Amino acid sequence: MVNLQAGSVFKPAMGDGSIGVIQVHTDSTNDVTLYGSLDGVTFTLIKNYAVDSDLIEEFTLCPFVAISADTAATVAAASLATTSLGASTVKLDETRGR
């Protein structure tokens, strides 16, 4: 399991059928956006988690994953916001196949 940090790119250990399980907690003022990328250069919005969210869900892993305070549909890797997410946290665990 890894604790994702705002603006930092995470490279999952990809394998056949790689699935990510994500646990998201957003505080009362900071939403969090999950981004994925195939090339590590341009990140595309997967999902935005609004304030006061607590959930666990599954998603197909991308070769590159990041979280950010950004909300744009796409963001360049060099421009991913490193703005503090306050008490919001995102944890990612990888599983293999089904």
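Two strands pair if DSSP finds at least two bridges between them. Strands are DSSP runs of E with at least two residues, numbered from the N terminus. This is a predicted model: local features need pLDDT of at least 70, side-chain atom pairs count only at pLDDT 80 or more, and totals for chains, interfaces and linings use all residues. Residues are numbered from 1 along each chain as its sequence is written, and side-chain values use heavy atoms, with hydrogens and water left out.

**Sheet**

Four strands form an open sheet in the order β1-β8-β2-β5, with antiparallel pairing. Its edge strands are β1 (2–3) and β5, each pairing on one side only. β2 and β5 run antiparallel and are joined by seven bridges. Q23 has its bridge partner in β5: I56.

**Cores**

A nonpolar core is a set of buried Ala, Val, Leu, Ile, Met, Phe, Trp, Tyr and Cys residues joined through side-chain atoms within 4.5 Å. Buried means under 20% relative accessible area, exposed over 50%, and partly exposed in between, with a 1.4 Å probe and protein chains only. The largest nonpolar core has 15 residues. L4, I22, L34, F59, I67, V90 and L92 have the most contacts inside it. At least two residues of this core come from each of β2 (19–25), β3 (32–37), β6 (64–68) and β8 (89–95). Another core, of six residues, lies apart from it; Y35, F64, A66 and L80 are among them.

Contact means heavy atoms within 4.5 Å. Not counting residues up to four places away in sequence, L92 touches M1, V2, L4, F10, G20, V21, I22, F59 and L61.

L34 sits in strand β3. Leaving aside neighbours within four places in sequence, L34 is in contact with I22, T44, L45, I46, K47, Y49, F59, V65, A66 and I67. One of these, L45, is eleven residues from L34 in sequence. Their C-alpha atoms are 6.2 Å apart.

**Salt bridge**

A salt bridge is a side-chain nitrogen of Lys or Arg within 4 Å of a carboxyl oxygen of Asp or Glu. The structure holds one. It joins K47 and E57, whose closest N and O atoms are 3.1 Å apart. K47 lies in strand β4 (residues 42–49) and E57 in strand β5 (residues 54–60), so the pair ties together parts that are ten residues apart in sequence.

**Accessibility**

| Residue | Relative accessibility | Class |
|---|---|---|
| L34 | 1% | buried |
| K47 | 32% | partly exposed |
| E57 | 25% | partly exposed |
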